[in-house]
Amino acid sequence: MKETTEQIFLRQINENKAIIYKISKMYMDRSEDQEDLFQEIVMQLWKAYSGFRGDSKFTTWMYRVSLNTALIFLKKGKRQVAATFLDENIDLIDVSDSAEKENKIAYLYKAVQELNAIEKALIFLFLENQSHKEIAHNLGITEGNARVKLNRTKEKLQLIIKKYGYEF
Amino acid sequence: MAMNFDELKNDWNKLDAGQSDISTEMLSIKAAQTPVDKIRSKMKHEFKYQLLGLLVLAFTPRIFGLNPEIKPVFVAFYSVGCGFTAYYFARFYIFYKSSYDMSLDTRKNLLWFYYEMKINIELYKSLTYILGFISLSFFSTYMFVTKGSSLLSITKYSMVSIIVFCFFGILIMGLITELWVKVCYGKQVAKIKEVLDKLDDE
């Protein structure tokens with residue numbers, strides 16, 4: 001049976017859902033806000049999907065839409081008490097969990113909360129193994145600027161992580 | 001404990017997003033909430049009230065029992081106000097219906113959102129000023145027609161009072177408009193501007 005557009009889309013984003021998960025955790029510190037951002041990114045991906053022509057890789061397109069959504073996302077002023085279905089369906093790990101605190105990634109998530117929105121994007125793309133050229137292309141800046149910004153951000157992140165007692 | 005970027009990268013790339021899949025329900029759970037969507041939604045609500053206000057205003061001569069002499073003047077001012085409102089509503093409708101492309105590079109995307117919001121907020125402000133000036137002009141004309149027998153009688157009133165009234169009228173209107181826009185729409189624009197500045201920062 002032939003897959004519908006919706007089914008193809010869901011299959012593709014489910015294969016790459018770690019991208020959305022990681023961006024949500026990097027950009028929002030509270031689990032409720034992470035869920036909201038996760039949901040917003042999925043929504044924006046779905047809205048933009050009709051414009052995806054396959055000229056670039058699906059993941060490249062997904063990085064852009066997800067990061068652009070995170071960069072302009074505004075937290076909700078007052079939170080609603082009622083839980084959404086996301087609570088049951090999406091496993092967003094809680095950094096405050098004592099077991100997770102031993103995890104380096106948990107410290108990384110905590111440290112990036114002290115970075116600004118652009119610095120978070122730079123570190124995210126760097127951790128996703130993107131080259132300076134690819135980072136520059138995604139952010140719309142020159143390669144030289146991307147290199148300088150990334151180096152500064154890495155230094156800043158090292159200092160933050162050192163504050164937590166890690167050697168870097 | 002030690003940490004370095006190579007190790008971090010390795011750990012990072014081993015991360016997964018849990019077992020649960022993104023489902024169909026998630027694609028239709030709510031309306032999109034980008035800053036532009038929020039501004040559009042707020043403006044839509046405000047325009048509903050503005051339309052209601054214009055409708056109520058149409059009955060002003062009857063409600064306040066205006067002098068028959070002033071009625072044609074009221075109709076003229078009211079029509080001009082409606083004309084401007086219709087023009088701006090058409091502009092806002094285009095803004096409301098226009099789509100955006102989130103797959104542009106970050107810089108282009110941020111610039112699009114920033115200027116789209118700035119332009120529409122400025123349009124919103126200019127409509128408020130235009131309607132304010134029309135109201136102020138009508139009120140001034142009303143005062144002259146009802147309080148004085150002819151335009152020559154203006155000299156009977158203190159010119160200073162007229163200037164002070166108009167000056168402060170415009171000033172208060174401007175302050176209220178700027179404050180309203182800042183409270184209702186300023187947060188979204190400021191956030192985008194801040195990110196753009198960070199991106200431009202060498």
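**Entry 1. Tyr164(A)**

I started at Tyr164(A). Leaving out residues up to four places away in sequence, I find that Tyr164(A) touches Tyr107(A) and Ala111(A). I am working from a predicted model, so I read each position as a prediction. I placed Tyr164(A) in the segment after helix 9 of chain A. Next I looked up a distance.

**Entry 2. Confidence in chain A**

I checked confidence before going further. Chain A has a mean pLDDT of 84. I note that 83% of its residues reach 70 or more. Which helix of chain A has the lowest confidence? I find helix 5, residues 86-89, at a mean of 40. Helix 7 of chain A is at the other end, with the highest value, 96. Over residues 80-98 of chain A the pLDDT is below 50. That stretch still has 27 contacts in the model beyond near neighbours in sequence. I keep a caution here: where pLDDT is low, predicted coordinates should not be read in detail.

**Entry 3. Make-up of chain A**

I counted elements next. Chain A has 9 helices and 0 strands. I find that 41% of the 168 residues of chain A count as buried. I then looked at contacts between residues at least 6 apart in sequence. In chain A, 61% of these join residues at least 24 apart.

**Entry 4. Helix 3**

I took helix 3 of chain A, residues 31-48, by itself. Helix 3 has 18 residues. From first C-alpha to last, I get a reach of 25 Å, close to the 26 Å expected at 1.5 Å a residue. I also looked up burial. Of the 18 residues of helix 3 of chain A, 14 are buried, so this helix is largely enclosed by the rest of the structure.

**Entry 5. The nonpolar core**

I went on to the largest nonpolar core, which has 67 residues. Those with the most contacts inside this core are Ile23(A), Ile41(A), Val42(A), Leu45(A), Ala70(A), Leu71(A) and Ala121(A). Which helix gives the most to this core? I find helix 7 of chain A, residues 117-127, with 9 residues. I also see that the core draws at least three residues from each of domain 1 and domain 2 of chain A.

I picked out Ala70(A). Setting aside neighbours within four places in sequence, I find Ala70(A) in contact with Ile23(A), Tyr27(A), Leu37(A) and Ile41(A).

**Entry 6. Where the domains meet**

I looked up the domain assignment. For chain A it gives domain 1 (1-92) and domain 2 (95-168). How many residues of domain 1 of chain A are in contact with domain 2 of chain A? I get 10 residues of domain 1, in contact with 8 residues of domain 2. On the domain 1 side, helix 2 (17-27) and helix 4 (58-72) of chain A each supply at least two residues. Helix 2 of chain A gives the largest share of that side, 5 residues. By class, I find 6 nonpolar, no polar and 4 charged residues on the side of domain 1 that touches domain 2 of chain A.

**Entry 7. Asn129(A)**

I checked a backbone angle. Asn129(A) has a positive phi of about 65°, although it is not a glycine. I located Asn129(A) in the loop between helix 7 and helix 8 (132-139) of chain A. Asn129(A) counts as exposed, because I find 10 C-beta neighbours inside 10 Å.

I turned to chain B. I count 6 helices and 0 strands in chain B. Buried residues make up 15% of its 202 residues. Among contacts in chain B between residues at least 6 apart in sequence, 84% join residues at least 24 apart.

I closed with the contact between the chains. I find 50 residues of chain A in contact with 45 residues of chain B. On the chain A side, several helices each supply at least two residues, among them helix 1 (5-15), helix 6 (104-112) and helix 9 (143-163). I divide the residues of that side of chain A into 27 nonpolar, 13 polar and 10 charged.

How values were computed:
Residues are numbered from 1 along each chain as its sequence is written. Chains are lettered from A and ligands numbered from 1 in the order in which they are written. This is a predicted model: local features need pLDDT of at least 70, side-chain atom pairs count only at pLDDT 80 or more; totals for chains, interfaces and linings use all residues. A nonpolar core is a set of buried Ala, Val, Leu, Ile, Met, Phe, Trp, Tyr and Cys residues joined through C-beta atoms within 7 Å. A residue is buried if 20 or more other C-beta atoms lie within 10 Å of its own, exposed if 12 or fewer, and partly exposed in between; C-beta atoms are placed from the backbone. Helices (H or I, at least four residues) and strands (E, at least two) are DSSP runs, numbered from the N terminus. Domain bounds come from an automatic or database domain assignment. Two residues are in contact if their C-beta atoms, placed from the backbone, lie within 7 Å. Ala, Val, Leu, Ile, Met, Phe, Trp, Tyr, Cys and Pro count as nonpolar, Asp, Glu, Lys and Arg as charged, and the others, Gly among them, as polar. The expected span of a helix is 1.5 Å times one less than its number of residues. pLDDT is the predictor's confidence in each residue, from 0 to 100.
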